[in-house]
Amino acid sequence: MTSVQILAPISDAGSPTSQADILTKKALDFVVLLHRTFDGKRRELLANREKVQKEIDQDLSRLDFISKDKLDISGQAWKGAIPAPGLADRRTEITGPPERKMIVNALNTPVKTYMADFEDSTSPTWQNVLNGQVNLYDAIRQQIDFETPAKAYKVNREGRHVPVLIVRPRGWHMVDKHILVDGEPISGSILDFGLYFFHNAHQLVANGLGPYFYLPKMQHHLEARLWNDIFNVAQDILSIPRGTIRATVLIETLPAAYQMEEIIYELRDHSAGLNCGRWDYIFSTIKTLKNHPQKILPDRNQVTMTVPFMSSYCKRLINVCHRRGVHAMGGMAAQIPIKTDPEANERAMAKVAADKLREVTMHYDGTWVAHPALAPIANDIFNTHMPTPNQMFIIPEQSVQAQDLSNTSIDGGMVTVEGIRQNVYIALCYMESWIRGVGCVPINHLMEDAATAEVSRLMIYSWVKHNVQLGDQSGNVTPELTAKILEEETAKLVANSKEGNKFELAAKYLLPEFRGEQISDFLTTLVYDEIVEVGEPIDLASLRE
């Protein structure tokens, strides 16, 4: 392991588990082996993303279902894996970062499963990554309880269902610069998966469950095949039967929507279904179609789940999943309670209820909530309309064509100055928090993560790029207009925030995007270096066995 360097400190403080208990010699050997074996393919697949995007930029017909001569699986009678222990009933899932307090709160929420998220709701500082692994290690061993001077946090396990744990590692595009392997940063996906799997797979099986994952931001079925190969090798190394791992894929990119069936096929024995990752999907749709002015979306509050491209994506996902015998999971309710305004809170909760009613009657098998207070609403609706553990036995008809998935027409849709201002505000607030190491942020009574900041950023970029006409006043969206609004919103936020805030730094990164001068694949990779804290390599001989 002479070509492996750890460039950040590892703490041995903490009870009952420390960072030093997680990043051990054997654990590091495991993740390095996975990285060296599979990182070349990861890089190749990322390069393929760029190639495909250039083709779509030139020709929209490149967005199509896979032709039968490339992967003919449509007529075969194959199925995905049967539900794993604890995963047959997933009617309500809560999500959040693997922060200790949030884990306890999530495990005390009346939901079936909990997704601990190293991706969109976590700013991947070194401390957040390692402490997240510590916290999950302790949660699995029922030693997560802790006390602060203000409050004791304790998981209530008496006479109730404790949510089943699912982990979302970072996407294929992310690296972690705190560990270098052969001179290159380690894959964030492999690091997150590898540490969690190495330490917890046997314990999870002993608990009667298994290592379960959500896989984010894939764009091609070969990216799912890469995960499947990693799963097989990881299980073989630890002498765990193949198929013990289960993974739900978030269909949150437009290219992946054309390969839903193929993605399930690649993961067959490890598949736990697909999920409609709505905010990332909107972000990806804007990014994928950015060169085509006829595909521009209006203000984000007009892009609902019932507009053509979103509705078609949902219908196809449910049909594909149920035909192949796996879960079709619905999207996120991001609302949080509005304690200071009962009437506004009632309207917000009514929106949640309507959204969940739409999902259950479309025959989704479950849904997401961002806040514990929303779980009873989702539970009531799914309990009423889905008395069975899931609805996989219902295969709704659908006739979605390739062009339907990119049909971004919205009746009465328009771009407004207020819509620009709202997007600027959300992107600024989120990115400022992310740079400070906070990846899950309440903004305007919604729990925002990286996906919603991405929607805000890409909307403004596309409006400027195509000089979109404003619908609420004369004129067009220009670089001067968006820069002026960014300056105004930044000044207001700085004036009303504590000293040491990062709003001006966030604005510096956002300005070229808002002016249409550049477009980054992901905001999180654009500003990642702001949260990297590397130093001299530590002595690997000091690692625990």
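Q: How far apart are the end C-alpha atoms of residues 164-405, and how much of the span is helix and strand?
A: In this predicted model, those end C-alpha atoms lie 33 Å apart.

Q: What does UniProt call residues 164-405?
A: The record has "domain: Malate synthase TIM barrel" there, from an unreviewed entry.

Q: And which residues does the "Malate synthase C-terminal" annotation cover?
A: UniProt, again in an unreviewed entry, puts that domain at residues 416-531. In the model, the end C-alpha atoms of residues 416-531 are 34 Å apart. That span is 59% helix and 5% strand.

Q: Pockets now. What volume does the largest pocket have?
A: About 880 Å³.

Q: Which residues lie nearest its centre?
A: Trp279, Asn301, Gln335, Lys351 and Leu446, out of 30 lining residues in the largest pocket.

Q: Which helix gives the most to that lining?
A: H11, with eight residues. H11 runs over 342-362, and at least two lining residues each also come from helix H9 (278-288), strand S12 (328-333), helix H13 (417-435) and strand S15 (446-448).

Q: How does the lining of the largest pocket split by class?
A: There are 16 nonpolar residues, with seven polar and seven charged.

Q: What about the second largest pocket, what is its volume?
A: The computed volume is about 540 Å³. The second largest pocket has 35 lining residues, and Thr95, Gly96, Ala370, Cys440 and Met447 are those nearest its centre.

Q: Which element gives the most there?
A: H3, with four residues of the lining of the second largest pocket. Elements that supply at least two residues each include strand S2 (92-96), strand S3 (113-117), strand S11 (271-276) and helix H14 (450-465). H9, S12 and S15 are also among them, and each of these also supplies at least two residues to the lining of the largest pocket.

Q: And the classes for the second largest pocket?
A: The lining divides into 17 nonpolar, nine polar and nine charged residues.

Q: How many cavities of 30 Å³ or more are there?
A: Four. The largest cavity has a volume of about 100 Å³.

Q: Which residues lie nearest the centre of the largest cavity?
A: Glu119, Asp120, His173, Met174 and Thr524, from a lining of 14 residues. By class, the lining of the largest cavity has six nonpolar, three polar and five charged residues.

Q: Switching to helices. Where is the kink in H5?
A: It is centred on Asn200, with an angle of about 50 degrees.

Q: What is the reach of H5 from its first C-alpha to its last?
A: Helix H5 covers residues 188-206, 19 residues in total, and reaches 27 Å. That is close to the 27 Å expected at 1.5 Å a residue.

Q: Why is H5 described as largely enclosed by the rest of the structure?
A: Because 14 of its 19 residues are buried.

Q: What is phi at Lys217?
A: Near 55 degrees, which is positive in a residue other than glycine. Lys217 sits in the loop between strand S9 (212-215) and helix H6 (221-237).

Q: Is Lys217 buried or exposed?
A: Its relative accessibility is 4%, so Lys217 counts as buried.

Q: What about Asn467, what is its phi?
A: About 50 degrees, also positive in a residue that is not a glycine. Asn467 lies in the loop between H14 and H15 and counts as partly exposed at 41% relative accessibility.

Q: Where is Val477?
A: Val477 is in the loop between H14 and helix H15 (479-495). It is buried, with a relative accessible area of 0%.

Q: Last one: where is Thr288, and how far is it from Leu254?
A: Thr288 is in helix H9 and is buried at 3% relative accessible area. The C-alpha atoms of Thr288 and Leu254 are separated by 7.1 Å, and the two are 34 residues apart along the chain.

How values were computed. Residues are numbered from 1 along each chain as its sequence is written. This is a predicted model: local features need pLDDT of at least 70, side-chain atom pairs count only at pLDDT 80 or more; totals for chains, interfaces and linings use all residues. Side-chain values use heavy atoms; hydrogens and water are left out. UniProt positions are given in the numbering used here, feature names are shortened, and annotations may be inferred rather than shown by experiment. On a 1 Å grid over the protein atoms alone, a cavity is a set of points where a 1.4 Å probe fits but cannot get out, and a pocket is an open set with protein on both sides within 12 Å along at least five of seven lines; lining residues have an atom within 4 Å of a point. Grid points are joined across faces, edges and corners, and a volume is the space filled by probe spheres set on the points. Ala, Val, Leu, Ile, Met, Phe, Trp, Tyr, Cys and Pro count as nonpolar, Asp, Glu, Lys and Arg as charged, and the others, Gly among them, as polar. The expected span of a helix is 1.5 Å times one less than its number of residues. The bend at a residue is the angle between axes fitted to the seven residues ending there and the seven starting there. Buried means under 20% relative accessible area, exposed over 50%, partly exposed in between (1.4 Å probe, protein chains only).
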